[in-house]
Amino acid sequence: PTRGFPGRTLPLASAATASFAPTFSAFFAEAVLNRQRWFPKPGFVEEHWPTLVRLGEWFERQAGEDGLLVNPPPIVWFDWPNFRKWQAAMARGANFGVNAMWYKMLANLAELARRVGREGDAARYAVRAEQVREALRGQFWDAERGLYADIVENGTRLDLFSELLNGFALLFDIATDAQRPVIVKNLLAPPADLTRVSPLYFNYVIESLLREGQSDYAWRYIAERYAPVMALSDFPTLVEEWCDSPHGINSTIHGTPGGVVLTLSRYALGIFPLEDGYRRVLIR
């Protein structure tokens with residue numbers, strides 16, 4: 001329970017403690033980088049650089065001998081449907097989603113290091129990112145299923161596969177060129193045991209499909225999923241789980257499903273920034 005926090009005993013049941021879903025912190029480097037890309041501010045990256053370095057060091061302490069993050073402090077959570085299926089194996093082995101975010105964080109740290117003139121750090125983070133990506137490809141890819149598995153435990157891939165984490169594989173460029181069309185085929189015609197994504201991370205799956213040229217399916221999928229949500233009331237809000245979830249909706253107003261707004265701005269409205277602060281944009 002105290003891994004990563006030496007000498008401190010922390011309860012695991014409260015969001016007020018540092019050990020509640022600490023892997024969410026992997027998103028911080030992405031947030032800093034996107035903030036600077038979209039709304040540049042002199043000194044912004046430099047201000048956050050010491051925190052980013054310490055965060056990277058904390059994650060590195062959770063790595064096993066193969067370089068992947070293993071059994072990080074609880075809870076290992078990305079999405080409600082995944083979490084429910086992972087509960088029995090959640091605290092054991094390596095999780096693809098956690099390590100995919102770790103890879104993405106390392107790649108972002110390399111970019112941020114270049115922005116603050118730390119070329120040596122940039123090279124080091126880039127090398128470490130490639131090590132993580134190669135380990136993910138080697139351990140999690142199930143060629144027979146044509147999907148990346150969710151969890152590897154003691155060198156064995158568990159029979160758990162999800163829409164979200166294979167979206168990560170496409171979107172973060174973890175999947176190889178040969179694997180990409182196979183994954184896309186399985187996302188377009190999902191196997192019965194493929195865990196489907198909730199509103200919380202829906203935009204990651206949609207953007208992965210759009211990048212693969214599957215716009216017809218992506219727009220249809222958005223419409224099918226969000227139409228019932230918009231029809232729930234006279235004043236529609238974004239919900240935490242889909243209307244047909246057997247576990248209920250949980251929160252009836254939740255910020256995370258709004259990720260599709262950015263997706264729509266970039267891919268439907270068609271405005272992509274080409275330089276920091278939208279100094280140059282691509283309108284397509």
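The legends below describe close-up views of a predicted model.

View 1. The structure contains 22 aromatic pairs. One of them joins Phe 24 and Phe 27 in an edge-to-face arrangement, with 6.4 Å from centre to centre and 80° between the planes. Phe 24 is partly exposed, because its relative accessibility is 34%, a value that falls between the limits of 20% for buried and 50% for exposed. Through ring pairs, Phe 24 and Phe 27 belong to a cluster that also takes in Trp 77, Phe 78, Trp 80, Phe 83, Phe 168, Phe 172, Tyr 201 and Tyr 204.

View 2. Among the 22 aromatic pairs of the structure is the one formed by Phe 96 and Tyr 148, which is tilted, with 5.0 Å from centre to centre and 35° between the planes. The pair links distant parts of the chain, since Phe 96 lies in helix α4 (residues 96-115) and Tyr 148 in strand β3 (residues 147-148), 52 residues apart. Both Phe 96 and Tyr 148 are buried.

**View 3. Arginine side chains over phenylalanine rings.** The charged end of Arg 145 sits over the ring of Phe 161, at 4.5 Å from the centre of that ring. A second case is given by Arg 284, which lies over the face of Phe 272 at 5.6 Å from the ring centre.

**View 4. Helix α8 against helix α9.** Two packed helices are described by the angle between their axes and by the distance between the axes. The axes of helix α8 (residues 202-211) and helix α9 (residues 215-230) come within 8 Å of each other and cross at roughly 160°. Angles over 145 degrees count as roughly antiparallel, and α8 and α9 are therefore roughly antiparallel to each other. Their crossing is left-handed. On the α8 side the residues that meet α9 are Phe 202, Ile 206, Leu 209 and Leu 210, and on the α9 side their partners are Ser 215, Tyr 217, Ala 218, Trp 219, Tyr 221, Ile 222, Arg 225 and Tyr 226.

**View 5. Helix α8 against helix α10.** The axes of α8 and α10 come within 8 Å and cross at roughly 20°. Because of this angle, α8 is roughly parallel to α10, and the crossing of α8 with α10 is left-handed. Phe 202, Asn 203, Ile 206, Glu 207, Leu 210 and Arg 211 of α8 make the contact with Gly 259, Val 260, Thr 263, Arg 266 and Tyr 267 of α10. Phe 202, Ile 206 and Leu 210 of α8 are also among the residues that meet α9.

**View 6. Helix α2 packed with helix α4.** Helix α2 (residues 44-60) and α4 pack at an angle of about 145°, and their axes are 11 Å apart. In passing α4, helix α2 makes a left-handed crossing. From α2, the contact involves Val 45, Glu 46, Trp 49, Leu 52, Leu 55, Gly 56, Phe 59 and Glu 60, while α4 contributes Trp 102, Met 105, Leu 109, Leu 112, Ala 113 and Arg 115.

View 7. Most residues other than glycine have a negative phi. Asn 250, however, has a phi near 60°, a positive value in a residue other than glycine. Asn 250 is located in the loop between α9 and α10 (259-267), and it counts as partly exposed because its relative accessibility is 42%. Tyr 278 likewise has a positive phi, near 60°, and its place is in the loop between β8 (271-273) and β9 (281-283). With a relative accessible area of 35%, Tyr 278 is therefore partly exposed.

View 8. Gly 255 counts as exposed because its relative accessibility is 64%, whereas Pro 236, with a relative accessible area of 39%, is partly exposed. The C-alpha atoms of Gly 255 and Leu 200 are separated by 8.3 Å, although these residues lie 55 residues apart along the chain. For Pro 236 and Ala 129, which are 107 residues apart along the chain, the separation of the C-alpha atoms is 41 Å. Once neighbours within four places in sequence are set aside, Pro 236 is in contact with Val 229 and Met 230.

Notes: Residues are numbered from 1 along each chain as its sequence is written. This is a predicted model: local features need pLDDT of at least 70, side-chain atom pairs count only at pLDDT 80 or more; totals for chains, interfaces and linings use all residues. Side-chain values use heavy atoms; hydrogens and water are left out. Rings of Phe, Tyr and Trp (its six-membered ring) pair if their centres lie within 6.5 Å; planes under 30 degrees apart count as stacked, over 60 as edge-to-face and the rest as tilted. Buried means under 20% relative accessible area, exposed over 50%, partly exposed in between (1.4 Å probe, protein chains only). Helices (H or I, at least four residues) and strands (E, at least two) are DSSP runs, numbered from the N terminus. A charge sits over a ring if NZ of Lys or CZ of Arg is within 6 Å of the ring centre and within 35 degrees of the ring normal. Axes are lines fitted to C-alpha atoms, for helices over the stretch in contact, and angles run from 0 to 180 degrees between N-to-C directions. Angles under 35 degrees count as roughly parallel, over 145 as roughly antiparallel, 65 to 115 as roughly perpendicular and the rest as oblique. A crossing is left-handed if the near helix is turned anticlockwise from the far one by less than a right angle, and right-handed if clockwise. Contact means heavy atoms within 4.5 Å.
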